[in-house]
Amino acid sequence: MKKLINDPADVVSEALRGVEAAHPELRVDHAHKIIYRGDAPRPGKVGLISGGGSGHEPLHGGFVGPGMLDAACCGEVFTSPVPDQMLEATKAVDGGAGVLHIVKNYTGDVMNFEMAAELAATETGVEVVSVVTDDDVAVQDSTWTAGRRGVGVTVLLEKIAGAAAEEGRPLKEVADVAREVNANGRSMGIALTSCTVPANGKPTFELGETEMEVGVGIHGEPGRSRRPLAPAREIADLLLEPILEDLPFRRGDGVIAFVNGLGGTPLIELYLLYGEVARILGDRGITPVRSLVGPYITSLDMAGASVTLLRVTDELLRLWDAPVNTPALRWGV
Amino acid sequence: MADGRITLDELTSWLQEFARLIAEHRSELCELDAAIGDGDHGTNMDRGMQAVVGNLGDGTVGDVLKQAGMTLVSTVGGASGPLYGTFFLRFATAAGGGSELDPTQFASAMRAGLEGIVLRGKAEAGDKTMFDALAPAVQALEAGVAGDFAATLRAAADAADKGRDATIEMLARKGRASYLGERSIGHQDPGATSAALLVSAAATTLG
């Protein structure tokens, strides 16, 4: 294992020291491993918190700031944060308008956020609404599994719901916007290599030099199939086909097209893949009205990418375009 | 157990013995988890149970077990933290404010803990989870409360071990293992394995 670290046990806490040093506009609670926007709580604004295992940066800490999240709770690498963290963050960001919990659909995350919401209800009286993201179409049998995983849509949802909250809209409306985003977004990913969790020191799964895992999860969960490595134009088809037929996306739809890097794939390859995605969308009569290309929800050092399509209305697009000022997404400011 | 009562000291010993067994089986639990999950069940449970034994408080049976549950929720993370935490929190509520339990009360508290796990994890029999080890153990306890309690606890531990072994042939339907589908068959569930240790610890310390 070659990593830029000191001790595997200190990776999360030491990275938070770096976040604090690099971003004086944020506030870091090291005891609870929470990143706050510096001016939280904002009176009258719905508070947005998310969180999850670390190792997916910039998600979620890189999305804390005006126009997006009020706080991010950081778990150990690939391990859900505990309820104490979300409870603490909920209390700290409540500006009197309630708090939205944005939760990716993984068993541990869902249970820990659920306990935090119960504790918030009994201990604080802060109104909490939870929205769970589950956009990974690679999981085919949702009835007999833990259900579809929350992946790329989470990034888009945090931006769009964040804009709705920034406008001063009430908790119910912000939650409705968040659910609308989740309902209209679909994703699928592909791995060219495994990731290596610092504490384990070796790759999470074995993948041959000439193989790829189609439908991989952001913790290295198995996908739909393992195949011989193919050119990017074929990979774009493999990822888009299940996404397009699932919603389904139709001729005339306007979408935000998001090509995400999983951590170990350079931007030049992500743009190459975006070109293939745009070509296929053009053939189908689907218009990418906005794009996002880059590593935004990663899996440590995994090489690979995911594609997310979000069908947008004018209103969702307006919220997407609203100003945002976070370490990882910044425009209009 | 003296006079058919389980004392607070014995319940404390139960937690300590469970912590010892988790530490002893830490690598095995991680290896089982690596096969169908993310490989940290032993590490996470060991961290949590060491915190529980380092943080044992005074008070009633309910107080001490509630403290254990809260500690697990705060220190384990993943799915095991809420599941084991909820088990002990529900156990504590059912056990109440006394300084000891009789076998019937113990069995009722175990049932309440199991129901907490079901509520939190939505697991059913055969889903390849800790439920598959714990549920038969609770049934054995309830069936034997009127008899020799030491023998009843041993029967419960046997039932938990059998339930744990039965998870090998099951298809996982909950948690990360469920993404493997058919490929989860042939692997023993790590949660059922740690749950069997919990019952085994009870047989050693409460009988």
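Biologist: Is strand E3 (residues 47–54) of chain A largely enclosed or open, and how many of the eight residues are buried?

Modeller: Start with the rule: a residue is buried if 20 or more other C-beta atoms, placed from the backbone, lie within 10 Å of its own, exposed if 12 or fewer, and partly exposed in between. In E3(A), eight of the eight residues are buried, so the strand is largely enclosed by the rest of the structure. Keep in mind that this is a predicted model, where local features need pLDDT of at least 70, side-chain atom pairs count only at pLDDT 80 or more, and totals for chains, interfaces and linings use all residues. Residues are numbered from 1 along each chain as its sequence is written, and chains are lettered from A and ligands numbered from 1 in the order in which they are written.

Biologist: What does E3(A) pair with?

Modeller: First, the names: helices (H or I, at least four residues) and strands (E, at least two) are DSSP runs, numbered from the N terminus. Two strands pair if DSSP finds at least two bridges between them. E3(A) pairs in the parallel sense with strand E5 (residues 99–104) of chain A over four bridges, and A:Leu48 has A:Leu100 as its bridge partner there. Five bridges also join E3(A) to strand E4 (residues 71–77) of chain A, again running parallel; look for A:Ser54 opposite A:Val77.

Biologist: Which domains is chain A divided into?

Modeller: Domain bounds come from an automatic or database domain assignment. Here that gives domain 1 (22–184) and domain 2 (185–320), with C-alpha centres 23 Å apart. For touching parts we count contacts: two residues are in contact if their C-beta atoms, placed from the backbone, lie within 7 Å. By that rule, 28 residues of domain 1 of chain A are in contact with 33 residues of domain 2 of chain A. On the domain 1 side, H4(A) gives the most, with eight residues.

Biologist: And chain B, how many helices and strands are there?

Modeller: Chain B has nine helices and two strands.

Biologist: How far apart should the ends of helix H1 (residues 8–24) of chain B be?

Modeller: The expected span of a helix is 1.5 Å times one less than its number of residues. The 17 residues of H1(B) should span 24 Å, and the end C-alpha atoms are 24 Å apart, which agrees. Now find its buried residues, among them B:Trp14, B:Leu15 and B:Phe18. The buried residues of H1(B) pack against several elements of chain B, including helix H2 (26–36) and helix H9 (190–206).
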